[in-house]
Amino acid sequence: MEYKNTIKSLLLVPSCLLVCSVLLIASGCSTIALTANSPLPDAQITESAESAGVYEVHMNGQFSKAISFKGEIDGPITVQTALERSGAIDKFRGMEVTLMRVVKESGRGLKLPVEYQAGTQQVTSSQDYAIHPNDRIMVQSRSKNPLDQIVNSLSR
């Protein structure tokens, strides 16, 4: 019986140490909480200030090379304005447009489809979203030409 008690006591100490270390790690460090409200260093502020107010338009034609356009947000800009500034409306008659955005709170990507009407060369007003910093607009050329549709169906 004494032998079993000795083994139990030997196993008790490492298990207690393990539990204590897990609790310590899970509770977090108090110095992290104190520095969370402190201002950021200047290098980080200038880095984010440079990237703030920028959006991108990525254009991909059916038979042409992909093109990227970077624009600055200098006021209230919508998807329609961004497409006009990037030259996508002049380049493509029919387009499939998608707005890609990262949600700050969760850090997850958000994919917003945008309906583009080729006849009026306008984005549907209910989907003419405001552009936020670091948004990406993905433009894919779409044609209703029967020959293009056959080529597209073969390439998929």
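Asp 74 is exposed, with a relative accessibility of 60%, where exposed stands for over 50% relative accessible area, buried for under 20% and partly exposed for the range in between (1.4 Å probe, protein chains only). The model is predicted, so local features need pLDDT of at least 70 and side-chain atom pairs count only at pLDDT 80 or more, while totals for chains, interfaces and linings use all residues. Residues are numbered from 1 along each chain as its sequence is written, and side-chain values use heavy atoms, with hydrogens and water left out.

Asp 74 has a charged partner in Arg 85, and the two side chains form a salt bridge at 3.2 Å, N to O; the term denotes a side-chain nitrogen of Lys or Arg within 4 Å of a carboxyl oxygen of Asp or Glu. Arg 85 belongs to helix 4 and Asp 74 to the loop between strand 2 and helix 4, so the pair ties together parts 11 residues apart in sequence. Helices (H or I, at least four residues) and strands (E, at least two) are DSSP runs, numbered from the N terminus. Arg 85 is partly exposed, at 38% relative accessibility.

By this rule the model has three salt bridges. Another of them joins Arg 142 and Glu 96 through their side chains, at 3.1 Å from N to O. This pair links distant parts of the chain, with Arg 142 in the loop between strand 7 (136-141) and helix 6 (146-155) and Glu 96 in strand 3, 46 residues apart. Arg 142 is partly exposed at 29% relative accessibility, and Glu 96 is partly exposed at 41%. Asp 135 forms a salt bridge with Arg 101, in which the closest N and O atoms are 2.7 Å apart. Here too distant parts of the chain are linked: Asp 135 lies in the loop between strand 6 (122-123) and strand 7, and Arg 101 lies in strand 3, 34 residues apart. Both Asp 135 and Arg 101 are buried.

Strand 3 (residues 95-102) also pairs with strand 4 (residues 109-114), in the antiparallel sense and over six bridges; strands count as paired if DSSP finds at least two bridges between them. Val 97 is opposite Val 114 of strand 4. The hairpin of strand 3 and strand 4 has six residues between the strands, and in this hairpin Gly 107 adopts a positive phi near 80°.

Helix 4 (residues 79-86) includes Ser 86, which is buried, with a relative accessible area of 12%. The side chain of Ser 86 reaches the backbone oxygen of Leu 83 at 3.0 Å, and a polar atom of that side chain lies 3.4 Å from the backbone nitrogen of Ala 88. When residues up to four places away in sequence are not counted, Ser 86 touches Val 57, Met 59 and Phe 69, contact being heavy atoms within 4.5 Å.

The ring centres of Tyr 55 and Phe 69 are 6.4 Å apart and the planes stand at 55°, so the pair is tilted. Tyr 55 in strand 1 (residues 54-60) and Phe 69 in strand 2 (residues 67-72) are 14 residues apart, and the pair links distant parts of the chain. Tyr 55 is buried, with a relative accessible area of 1%, whereas Phe 69 is partly exposed, with 25%.

Notes:
Phe/Tyr/Trp six-rings, centres within 6.5 Å; stacked < 30°, edge-to-face > 60°. Polar contact = N/O pair within 3.5 Å; in protein donor to acceptor, adjacent residues only side chain to side chain.
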